[in-house]
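Please have a look at it before I go on.

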Amino acid sequence: MSQRTFSIVKPDAFRKGFTGAILAEMAKAGFKVVAIKKASISKVQAAGFYAVHKERPFFDSLTTFMSSGPIVLMVLEKENAIADLRKLMGATNPANAEDGTLRKLFAASIEENAVHGSDAEDTAAFEIGYWFAGYELV
Ligand code: CMP
């Protein structure tokens, strides 16, 4: 059954001009774009989005990074979208990412790791609703 997931082209990848190449890899892998927008988010918006990580030592650095420049927010759809996007992205730390994955191709470090993808159905629902209104999902 078709499933939706949420993804971000992070500030590092946007700044380096990788957005088009990342979208092309996603299209090649069969993802359809349900919604997409460029945004510059505040540290407070980033903190709300990553609230699940608020006790982690990297939380302050992560929210500073995510609010450091433009990003691209997306809702993507395909069969098995959540697991398939995570496979396409590769490991969180690009040093451990397999060849051909987005993070192997485009990421610089565990924090500046180019892309985000939801890790489960409940987080996908939260993340889509956090950034998009229902009328934007077409
Ligand atoms: P993401 O998939 O967006 O989810 C949480 C983010 O926190 C993760 O990608 C990384 O960018 C970042 N992150 C996870 N672990 C670490 C870490 N050990 N040090 C710094 N940043 C991290």
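For what follows, Ala, Val, Leu, Ile, Met, Phe, Trp, Tyr, Cys and Pro count as nonpolar, Asp, Glu, Lys and Arg as charged, and the others, Gly among them, as polar. This is a predicted model, in which local features need pLDDT of at least 70 and side-chain atom pairs count only at pLDDT 80 or more, while totals for chains, interfaces and linings use all residues. Residues are numbered from 1 along each chain as its sequence is written, and side-chain values use heavy atoms, with hydrogens and water left out.

The shell around the ligand, meaning residues with a heavy atom within 4 Å of it, divides into four nonpolar, three polar and three charged residues. Among them are Lys 10, Tyr 50, His 53, Phe 58 and Leu 62.

Which residue places a polar side-chain atom 2.9 Å from an oxygen atom of the ligand? That is His 116, while a polar side-chain atom of Arg 103 lies 3.4 Å from a ligand oxygen, and a polar backbone atom of Glu 111 is 3.2 Å from an oxygen atom of the ligand. Taken alone, the ligand exposes 460 Å², of which the protein buries 80%, with areas from the Shrake-Rupley method and a 1.4 Å probe.

Turning to the chain, we find seven helices and four strands, taken as DSSP runs (H or I, at least four residues, for helices; E, at least two, for strands). Along the sequence they follow the pattern β-α-α-β-α-α-β-α-α-β-α.

Key. A polar contact is a pair of N or O atoms within 3.5 Å; within protein, one must be able to donate a hydrogen and the other to accept it, and residues adjacent in sequence count only if both atoms are side-chain atoms.
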